[in-house]
Amino acid sequence: MIRTEICAMLGAKYPIVQAPMGPYDTKELAIAVTNAGGFGMVSHPEPSAEQIQKVVSGGDVTEAFRSVNEKLKSTLVEVKSKADGHFGVNLRVAPEQPEVPELLDMIIEMRNSDPELREKLVLLVTSAGDPSQPHLQKIKQNKMKWFHVVPTVYHAKKAEKNGVDGLVATGYEAGGHVTFFPVHTMVLVPAVVEAVDVPVVAGGGFCDGRGLIAALALGAKAIYMGTRFIATLESDFSMPSKEAITSSAERFGKENATLVTQGFFGPLRHLRNAFSEKLDQMVKAEAPQLEILKYELEGSMKAFGPEGDVVNGALWSGQVAIRLKDIPKVSDLIERIMSEAEETLKSMCLLSA
Ligand SMILES: Cc1cc2nc3c(=O)[nH]c(=O)nc-3n(C[C@H](O)[C@H](O)[C@H](O)COP(=O)(O)O)c2cc1C
């Protein structure tokens with residue numbers, strides 16, 4: 001069986017980490033991934049689009065952030081009770097997330113007062129911001145493992161200097177927010193592995209056993225999959241959005257199936273649809289930032305939420321969408337990836353000279 005130091009560090013059977021996908025819920029997904037021997041991740045929630053719009057137009061921020069705290073708290077409790085193993089949680093630590101210090105304190109307090117949660121919730125992954133913010137040191141002081149997501153070697157070294165236990169190196173093919181420095185996984189992962197001493201998890205473009213072996217060959221110790229896990233039976237995303245992902249290759253033919261647009265919070269990779277094409281046009285026409293934010297908020301839950309409007313809603317997705325053809329059960333997917341990985345290793349018999 002293929003095991004790596006990430007399996008030992010996080011207490012997972014397989015070196016497959018489910019990427020967090022806030023603001024969308026990944027509660028059912030995290031439970032299914034952990035129960036299938038991978039490592040499930042709870043995502044950082046956001047206030048509802050209506051609450052954000054109220055705040056943007058001068059409303060009270062307290063109520064909006066209270067709802068985020070409550071949502072994260074109840075998700076952690078539920079994942080703890082239904083997951084038969086270890087899992088993690090993501091916090092985006094960008095300046096636009098002023099609620100993070102309070103959320104971090106809440107997570108620590110919950111772990112300190114609940115031995116079962118302390119045993120199961122072992123990892124905090126920070127992303128989208130500066131790992132040198134002093135309050136982040138509380139993660140390690142409270143004996144959680146701390147990983148940080150990095151898009152460059154510079155950011156990797158900075159995070160290592162601040163004491164992280166591991167890094168997630170995510171290439172430009174990934175779904176959702178992508179880097180301002182468009183370097184893909186194939187180049188980024190070995191560059192980061194060579195630059196640091198902590199273990200590296202590879203993200204962006206993974207969906208199968210061949211990819212897992214490729215990641216290990218590049219020096220990573222696990223893969224970090226988002227888009228592949230959206231298109232699974234248990235994932236919390238709407239069925240039409242899963243089908244939009246698994247049909248993206250046919251629908252778009254030779255056209256690129258995904259589109260990176262400069263959203264209000266930076267570059268974002270979407271599946272190409274009416275929503276993302278209009279957003280792209282608005283950005284190119286230099287529409288006011290608040291108008292862009294409003295448009296993004298309105299579309300944010302339309303496709304992935306219960307409405308399932310895959311034409312007018314945001315469909316954040318990685319380039320790997322075009323390789324996905326099915327919507328399997330999480331446990332079948334994970335077992336398939338692991339047996340493909342073993343097969344791939346066996347089939348790689350090189351000719352001797
Ligand atoms: C719908 C969606 C939402 C995401 N939200 C977050 C997030 O809240 N925090 C974060 O660090 N990364 C987020 N990401 C990025 C993923 O964690 C991960 O890096 C990415 O999905 C890996 O590439 P892949 O999609 O090719 O598997 C998101 C990705 C998607 C597709």
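The legends below describe close-up views of a predicted model.

**View 1**
Strand β3 covers residues 87–92, and six of its six residues are buried, so the strand is largely enclosed by the rest of the structure. Phe87, Val89 and Leu91 are buried on one side of β3, and Gly88, Asn90 and Arg92 are buried on the other. Both faces are therefore covered.

**View 2. The partners of β3.**
Strand β2 (residues 40–42) runs parallel to β3 and is joined to β3 by three bridges. Strand β4 (residues 121–127) also pairs with β3 in the parallel sense, over six bridges. Gly88 can be followed across these pairings: Met41 stands opposite Gly88, and Gly88 stands opposite Leu123 in β4.

**View 3. An open sheet of three strands.**
The strands lie in the order β7-β11-β10, with antiparallel pairing. β7 (176–177) and β10 (258–263) each have a single partner strand and stand at the edges, so one side of each has no neighbour in the sheet. Six bridges link β10 to β11 (residues 266–271) in the antiparallel sense. Within β11, Pro267 is the bridge partner of Gln262.

**View 4. Helix α14 and the loop with Ala287.**
Helix α14 (residues 274–284) lies across β10 and β11, at about 40° to β10. Ala287 sits in the loop between α14 and α15 (289–300). Apart from neighbours within four places in sequence, Ala287 is in contact with Met282 and Ile292.

Technical notes
Residues numbered from 1 in each chain as written. Predicted model: local features only at pLDDT ≥ 70, side-chain atom pairs only at ≥ 80, totals over all residues. Pairing = 2+ DSSP bridges. Helix = DSSP H or I, 4+ residues; strand = E, 2+ residues; numbered from the N terminus. Contact = placed C-beta atoms within 7 Å. Axes fitted to C-alpha atoms, helices over the stretch in contact; angles between N-to-C directions. Buried ≥ 20, exposed ≤ 12 C-beta atoms within 10 Å, placed from the backbone.
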